Amino acid sequence: MATTKNFHDYFIEATRGVGGITTRAMMGEYVLYYNGKVVGGIYDNRVLVKDIPAARALLPDARLELPYEGSKLALCLEDFENEEAVRRLFEAMYDALPAPKPRKSK
């Protein structure tokens, strides 16, 4: 089951005040970026973030779920309507994630 546009739009609206959040459609799902770095994705109408220590510290009780077959487990972000909590989470993750790789020119 792919993520619905309604769920995607609901997430974007709920986190509008956070700033820096963008998505990119990919095979019926959405890659989730914070200030240019991949922090997770929206898969099957679930918001999942990378399972890194910075995220685990702020989401100690989050369920681990598979975004798709063959992927790494990710933390399920259920309370994404709390903009301040999302901001704290993404800021903590941002500092712990590597810089995006430069795109190759064609």
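Visitor: Which residue in β4 does G40 stand opposite?

Guide: This is a predicted model, in which local features need pLDDT of at least 70 and side-chain atom pairs count only at pLDDT 80 or more, while totals for chains, interfaces and linings use all residues. Residues are numbered from 1 along each chain as its sequence is written, and side-chain values use heavy atoms, with hydrogens and water left out. β3 (37–43) and β4 (46–50) are strands, that is, DSSP runs of E with at least two residues, numbered from the N terminus, just as helices are runs of H or I with at least four. They pair in the antiparallel sense over four bridges, where pairing requires that DSSP finds at least two bridges between two strands, and in β4 the residue opposite G40 is V49.

Visitor: In what order do the strands of the open sheet lie?

Guide: The open sheet has six strands with antiparallel pairing. Its edge strands, each pairing on one side only, are β1 and β5 (64–65). Read across the sheet, the order is β1-β2-β3-β4-β6-β5.

Visitor: Which residue in β3 stands opposite V31?

Guide: β2 and β3 pair in the antiparallel sense over five bridges, and they form a hairpin with two residues between them, where N35 in the turn has a positive phi of about 50 degrees. Within β3, the residue opposite V31 is G41.

Visitor: How many of the seven residues of β3 are buried?

Guide: Buried means under 20% relative accessible area, exposed means over 50%, and partly exposed lies in between, all with a 1.4 Å probe and protein chains only. By that rule β3 is mostly covered. The number of buried residues in β3 is six.

Visitor: Which backbone nitrogens does the side chain of T3 reach?

Guide: T3 is found in the segment before α1, and it counts as buried because its relative accessibility is 8%. A polar contact is a pair of N or O atoms within 3.5 Å; within protein, one must be able to donate a hydrogen and the other to accept it, and residues adjacent in sequence count only if both atoms are side-chain atoms. The hairpin of β3 and β4 has two residues between the strands, and there D44 takes a positive phi near 50 degrees. The side chain of T3 reaches the backbone nitrogen of D44 at 3.0 Å, and a polar atom of that side chain lies 3.2 Å from the backbone nitrogen of N45.

Visitor: Is T15 buried or exposed?

Guide: T15 lies in the loop between α1 (5–14) and β1 (21–26). Leaving aside residues up to four places away in sequence, T15 touches I21, F80, E83 and V86, where a contact means heavy atoms within 4.5 Å. Because its relative accessibility is 2%, T15 counts as buried.

Visitor: Which side chain makes a polar contact with the side chain of D9?

Guide: D9 lies in helix α1, and it counts as partly exposed because its relative accessible area is 33%. The polar contact from the D9 side chain spans 3.1 Å, and its partner is the side chain of H8.
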